[in-house]
Amino acid sequence: MLFLNTALEGLRLGLCYAVLAMALYVSYTILDFPDLSVEGNFPLGGVIGTIALYRLGLPPLLAVLLSFLSGALCGALMGLLHVKCRISKLLSGIIVMTGLISVTLALTQLLSRGLTVVYFNYIPNGVRGFFNAPFTAGFSSSAKTLYGVAVLLVFALAVKLLLDLFFATKAGFLLRAAGGNEQTVRTLGQDPGRIKMLGLMLSGGLVGVSGCLYAQMRLQYDNTSGAGKVVIALVAVIMGLSLFGRIPRVRPTTAVALGAILYSLALCFFTLIDRGGIYLKLFNAAFFAAVLILGENRLKFHTGWLKTLFSGKKRGGEKEETTDA
Amino acid sequence: MLELSHIRKTFTAGVDSVRVFEDFSLSLDAGCFLSVVGSNGSGKTTMLNLICGSVLPDAGRVFLDGRDVTALPEYRRFARVGRVYQDPSAGTVADMTVAENLALAHNKGRRYGLTRALPPSALAAMREEVAGLGVGLEDRMQVPVGRLSGGQRQALALLMATCTPIDLLVLDEHTAALDPKNAELLMKITDRIVREKRLTAVMVTHNLRYAVEYGDRLLMLDRGGIVLDARGEEKARLTTDDLLPLFGRISIECGN
């Protein structure tokens, strides 16, 4: 029972992080932009969503949309710093992340003065999010978790499908080109800076959505919820792509989402051992290092049998290269 | 079609400054295929960069198709200019497939919006198009460009640069990274495309034979100046043997 519950918890958390991982897939994998602003953007999405639910009384879906907008704004700001002011990728992320700490603190004051954690259940009249009353009225604890999994699955799938659709469009092609080779974008008569900005806005928006879903799911908004989220997202992306990325017909969005779920399961089972949560970050760091060390070499090698299984034919190097759709 | 008028360009790095052009002018008629030779540091590549807007002149003006484009940023100029680089990895996107690269190139000059980039119906026409290059790309449409040979990649870059209407094709030592056989093949393809599409082209090359054999005007540059400008009959009669003494002299003066 404990095992099942932990697995469900992990799945729920993983679906939430899947959205984050897909956001980082856009910025990190496509645009080669290790976006540190995630650490500020994630709680911002949470606080914007909570304000929308609690202070403005908006429906939860609208709260999610607002958090997308706030995240896109952060992405645009970081893009401006990098593209227009020529500040390096890493530093523009750090600048935005640092500034956002104050922004989220100030916004939290709209929820409760002097506090940095807001518990939905303690708020009089309640916060009408996706994961609490009236939606979950009368649900047992496990039913609530299952319901959470279902709602987050819908969101993760929607984000995945929309991203897949986007990457099949001309704008999506151009975004991939901008990450791969800026000069080619220029020779196509397009401004690579503008394309990058759009990509960072898309990615930032999804980070905001993930932060908003995370706060709603946990029924609490925590100002420090951004800490360590970059590592979580990067682990999910790198592990997902190296484990599942080479399997035919598995899109990279699916691969990074699966990476996020796998990693969250590992996290949840680790907290069973590490009750106090003291070693959680150490676990994160060690896991990240392990994924980086193994990711590029051995994992790919070991998943050879998976590729064979999914492609339904023996995979020869030459054969794959000349395959035509 | 192309006009460079009284260009002055100095590159400064710290206290060192190198004057590449003092007062450089060049005008090129529509439909002309110009080959440019010259030793290292003669200003060939700078000339191309000035044409494309990759570097801006200190003084002077650049005209393309009668329009003053001196202040136009590089990416805007490329709307009507195609360029193939020396580096095979520069003109194509390595992680994208041949078909995806071509789809991007075919849309040049139009909006990159939210419509489908690569409908399956477009593949057949694309395959036919690359088959015309004769480098075997038609069987590798779904292969990421990074896995192609240098020759295939340059041929694709050339096709991408010329598959939409352009005013000027710029070839920046585009055969230099290839082995002699592939370089020869790419030159033949280039010549055919330029003739078929009646393009105006500027080709910088280190290969004197290519400069003599291809194109209908030849320019030799040395230290920012034109030392030879042969066209029409004169160019047709020109042989590598005529060029070598002159080229040898400027190369020796420059120390290579």
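A polar contact is a pair of N or O atoms within 3.5 Å; within protein, one of the two must be able to donate a hydrogen and the other to accept it, and residues adjacent in sequence count only if both atoms are side-chain atoms. The legends below describe a predicted model.

**Figure 1. Polar contacts and the face of chain B at the interface with chain A.** Across the interface of chain B and chain A, 12 residue pairs are in polar contact, both partners having pLDDT 80 or more. On chain B, the elements that each supply two or more residues to the side touching chain A are α2 (74–77), α3 (98–106) and α4 (123–131). Of the contributions to this side of chain B, the largest share is that of α3(B), with 4 residues. Sorted by class, the side of chain B that touches chain A comprises 19 nonpolar, 8 polar and 12 charged residues.

**Figure 2. Extent of the interface and a salt bridge across it.** Contact involves 39 residues of chain B and 25 residues of chain A. The two chains bury about 2600 Å² between them, and carbon and sulfur atoms give 58% of this area. Between chain B and chain A there are 2 salt bridges. One of these links A:R186 to B:E74, with the closest N and O atoms 4.0 Å apart.

**Figure 3. A salt bridge within helix α1 of chain A.** The side chains of A:R12 and A:E9 form a salt bridge with an N to O distance of 3.4 Å. Both residues belong to helix α1 of chain A, where A:R12 and A:E9 are 3 residues apart, about one turn of the helix. Over all chains, the count of salt bridges is 21.

**Figure 4. The second largest pocket and its lining.** Two or more lining residues come from each of α1 (2–30), α5 (141–167), α8 (192–218), α9 (229–244), α10 (252–273) and α11 (280–295) of chain A. By class, the lining of the second largest pocket divides into 12 nonpolar, 8 polar and 7 charged residues.

**Figure 5. The largest cavity, lined by residues of chains A and B****.** The structure contains 3 cavities of 30 Å³ or more, and the largest cavity has a volume of about 80 Å³. From chain A, A:T187 and A:L188 line this cavity; from chain B, the lining residues are B:R83, B:G91, B:K108, B:A157, B:M160 and B:A161. Helix α5 of chain B (residues 150–162) gives the largest share of the lining, 3 residues. The lining of the largest cavity holds 4 nonpolar, 2 polar and 2 charged residues.

**Figure 6. The second largest cavity, lined by residues of chain B****.** The volume of this cavity is about 50 Å³.

Methods: Residues numbered from 1 in each chain as written. Chains lettered and ligands numbered in written order. Predicted model: local features only at pLDDT ≥ 70, side-chain atom pairs only at ≥ 80, totals over all residues. Heavy atoms only, no water. Nonpolar A, V, L, I, M, F, W, Y, C, P; charged D, E, K, R; others polar. Contact = heavy atoms within 4.5 Å. Buried area = accessible area lost by both parts, 1.4 Å probe. 1 Å grid on protein atoms, 1.4 Å probe; cavity = no way out; pocket = protein on both sides within 12 Å on 5 of 7 lines; lining within 4 Å. Points joined across faces, edges and corners; volume = space filled by probe spheres on them.
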